[in-house]
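Thanks for coming. Please have the model open.

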Amino acid sequence: MIEPFVKLLFRGTLEGLSPVSAYMVSIVSAVVPLDSARESIAVLIVAAAVLYFLRNLAAYGSQWVMAHVRSDFLYQLRNRLYEKMISLPLGYFTMESRGDTVTRAVNDTQEVEYTVLTSIHKFLTDPIALVCYLTFLFYIDYQLSLWAVLLMPISFLIIGFLSHLLKRSSKTYRQRLGVLLSHVEETLSGLRVIYGFNAQERAYRKFEKLNNEFHENQKKVYRQSYLANPLSEFLGVVSVMVVLVIGGSLVLSERSTLSAELFITYIALFTQIITPVSNISSAFADYKRGEAALDRIQDFLAIGDQVEDRPDAMPVPGFHQEIAFQDVSFAYADTDVLHNINLTIPKGKTVALVGSSGAGKTTLADLLMRFYDVTSGQLLLDNIPVDHYRVSDYRGLFALVSQDVMLFHDTIYRNITLGCDATMEEVMEAAKAANIYDFVMSLPDGFDHVVGDRGVALSGGQRQRVSIARAVLRKAPILVLDEATSAMDTESERLVQQSVDALSKQRTVVVIAHRLSTIRHADCICVLDAGQIAEVGTHEELMAMKGAYYQFVETQNFASLP
């Protein structure tokens with residue numbers, strides 16, 4: 001629409017238009033007659049305004065569609081990340097920090113939204129506009145357009161180099177953010193210890209150091225990112241200047257077929273190239289920045305599960321006879337933990353695992369519940385290897401009560417019903433069996449009382465009894481007790497022990513404990529030392545042997561207990 005407008009403005013006629021402009025005028029004149037120069041100018045201005053309206057309407061439509069694409073993509077990505085997070089091997093966090101995992105799930109996901117998805121939208125739209133403009137430019141004057149095309153690779157090479165630096169800086173930025181968040185998470189979890197040792201200043205100095213490293217890297221990323229758009233625009237303007245010089249020379253030359261009106265049209269179209277070229281350049285830079293976050297997400301999703309179902313895994317028919325470890329060894333991260341374990345746990349019996357710290361007791365219990373798969377040897381359920389069964393079905397045989405009680409920031413009712421559906425009557429019965437019912441009913445909200453982060457609103461003994469109520473409700477045939485009564489006062493231990501005794505009736509029990517009162521009546525005591533079984537027998541048999549168990553009891557001063 002520019003060429004006919006200029007011709008009407010300066011020559012008062014539409015004669016001698018280029019074919020493209022003549023075609024556009026014929027479309028307009030079929031709708032509105034172009035009888036005079038003044039009317040024609042007004043009509044052309046209105047036509048241009050209508051075209052811009054339609055263009056922006058289409059732009060809004062594309063953004064409307066993209067909003068659904070972005071939202072759905074991020075929704076599915078967050079679901080996949082959380083699903084992966086709750087299926088990670090237990091040992092994953094011995095090598096990786098929680099803060100880095102949170103960064104991948106939250107901050108890296110947002111980075112993908114702000115950079116990668118926005119860049120893809122630009123990659124899908126701006127190249128189309130660029131091709132259309134270039135097509136018209138080559139149609140108007142191919143010689144002048146060749147100069148313009150030769151200048152573009154230079155711009156892309158400069159932006160590409162900047163984008164490479166940006167991706168490298170962005171990867172460091174994501175890593176340092178993970179370290180920073182990990183320190184914050186540790187601080188919140190250990191506030192009691194920090195206060196107790198008056199270590200606020202030390203914690204702050206460490207945070208300040210980490211935050212400063214992150215801050216400096218963040219500034220570097222922002223500077224490199226913000227440079228892409230103005231640099232591409234500057235290079236575009238330089239290209240326009242070159243085209244003006246060359247094109248102006250052609251117009252002034254008598255040999256040129258490029259009229260002044262058509263040259264003005266050419267320049268107007270060429271300036272429109274700056275926006276899509278700038279968008280493509282900045283999109284490329286943004287994509288490189290987001291690619292660092294996307295790589296971290298993909299690496300996280302690619303982590304192999306420690307325990308996976310076989311393709312032909314079958315449901316568990318039940319627990320009828322025994323669980324047996326046959327020559328089981330286990331290593332994690334190239335560190336040997338257990339060696340040649342042979343142990344049988346008959347149905348309905350109580351088996352105690354004792355030994356010094358680091359002997360492998362908890363690891364053996366984790367293997368029993370198939371939190372890990374054995375490195376070598378076999379774990380058998382009723383003479384069938386446990387990896388023949390579906391993991392979820394097999395774990396359904398167990399209820400766990402551990403020393404480190406994990407309650408979630410939710411109501412007592414929802415903490416007790418974790419992993420199962422139950423009526424209020426069933427929950428109340430489980431609470432009574434765990435000696436926690438009277439306490440819960442004394443609370444203003446009863447079972448709807450929120451326990452706070454990690455159950456901070458409850459005492460240690462109360463948290464333990466809630467976890468026991470959770471195990472009671474599960475009605476699993478095998479109970480695993482991991483130091484369930486350690487580090488408690490006498491009254492709390494008495495109540496918890498009563499709950500444990502009630503829970504242990506008519507169940508197979510595997511207990512990890514240091515206190516003789518907890519293990520002396522076990523049907524079998526397994527003594528672990530440096531990842532190996534040192535002795536197996538009853539309390540009386542092992543005491544008579546005066547071996548490792550006897551020394552362990554003497555060391556723990558258990559001999560004086562009744």
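Angles between axes count as roughly parallel under 35 degrees, roughly antiparallel over 145, roughly perpendicular from 65 to 115, and oblique for the rest. This is a predicted model, in which local features need pLDDT of at least 70 and side-chain atom pairs count only at pLDDT 80 or more, while totals for chains, interfaces and linings use all residues. Residues are numbered from 1 along each chain as its sequence is written, and side-chain values use heavy atoms, with hydrogens and water left out.

Helices are DSSP runs of H or I with at least four residues, strands are runs of E with at least two, and both are numbered from the N terminus. Axes are lines fitted to C-alpha atoms, for helices over the stretch in contact, and angles run from 0 to 180 degrees between N-to-C directions.

Start with α5, residues 107-140, and α9, residues 260-301: their axes cross at roughly 155° and come within 7 Å. The two are therefore roughly antiparallel. The contact of α5 with α9 has 24 nonpolar residues, eight polar and eight charged. Here Ala, Val, Leu, Ile, Met, Phe, Trp, Tyr, Cys and Pro count as nonpolar, Asp, Glu, Lys and Arg as charged, and the others, Gly among them, as polar.

Helix α9 also packs with α1, residues 2-10, at about 140° with the axes 9 Å apart. That angle makes α1 oblique to α9.

Further along, α13 (residues 424-433) and α15 (residues 460-474) have axes that come within 8 Å and cross at roughly 125°. So α13 and α15 are oblique as well.

What about handedness? A crossing is left-handed if the near helix is turned anticlockwise from the far one by less than a right angle, and right-handed if clockwise. α5 passes α9 left-handed, the crossing of α1 and α9 is right-handed, and α13 passes α15 right-handed.
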